[in-house]
Amino acid sequence: MLDPGRVDLAALADALDDRSPDVRWYLDPDTGAVAAHPAGDPPPAGDRVLIEPVTSRESYRDMSDFTAGVQHRRAGALLDRAIDGRGAFRRFKNTLFEFPEVRDQWYRFRDARSRRRAVDWLATAGLISEADAERVRARHPDPDPSNEDVPAAVADDLVAHYGPRLRQVLLFGSWASGEGSVESSIDLLLVLDDDEAPVDPWSELASVDEVLWRHTQRSGLTISALPVGQRELARPDDPTVIRARAEAVRVR
């Protein structure tokens, strides 16, 4: 039996995903080495095992399973639309580039799935024992979703920052209308208790700057906030607040 630790699972996964007609991939059962060979040439000398590529159906299942677990509302909706019908792979890839935080999660998910497929191939080919296969599979589970709904994640930290003084967090602008993209800012209306004193927007923005900046760095999306008092929201005279209230979608 081959020691699975000697096999480069990433290289084997790439070979299994390579459906090019110009190259064939082989594994050396003695060393675990994976190497390419021109498709038109005779097979390489020695006891090499041909690596037949997996079908595109496996890759599509990965996209479908990943999309089902996406927590980012707009990204999930667009990815679900992207994988429907012909051209799904291209549309899926293009959609991911609009959402860097979701794209990074996809890479981790895809790598885990690819490595487990490589282990399955080794076990099916009789090159490693099933006990070894189970042990290696356990090292590459599907990652937990970390691409949480960005507005909701920001709202959670704002609640921790303000406590009961924060009455509502409302989403407005392009993300509230469903037209937001990686180039659009996430606009949040922070409704604060103003029973004791009027809300000073500039000082409030200074107090939450670290929270907004942390989420901007993590997600790659610009997070902006407009602090207002609850009485001002009830009787707005600022055009921006009027528009924000009309468009608002409640986050918290």
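I will take the sheet and then the pocket.

This is a predicted model, in which local features need pLDDT of at least 70, side-chain atom pairs count only at pLDDT 80 or more, and totals for chains, interfaces and linings use all residues. Residues are numbered from 1 along each chain as its sequence is written, and side-chain values use heavy atoms, with hydrogens and water left out.

Elements are DSSP runs numbered from the N terminus: helices are H or I with at least four residues, strands are E with at least two. The sheet is open, with three strands in the order β2-β1-β3 and antiparallel pairing. Two strands pair if DSSP finds at least two bridges between them. β2 (34-38) and β3 (49-51) are at the edges with a single partner strand each, so one side of each has no neighbour in the sheet. β1 (residues 23-27) pairs with β3 over three bridges, and L27 stands opposite V49 in β3.

Now the pocket. On a 1 Å grid over the protein atoms alone, a pocket is an open set of points where a 1.4 Å probe fits, with protein on both sides within 12 Å along at least five of seven lines; lining residues have an atom within 4 Å of a point. Points are joined across faces, edges and corners, and volume is the space filled by probe spheres set on them.

The largest pocket holds about 450 Å³. It is lined by 21 residues, with D17, S59, W106, Y107 and R110 closest to its centre. Which element gives the most to this lining? That is α5, with eight residues.
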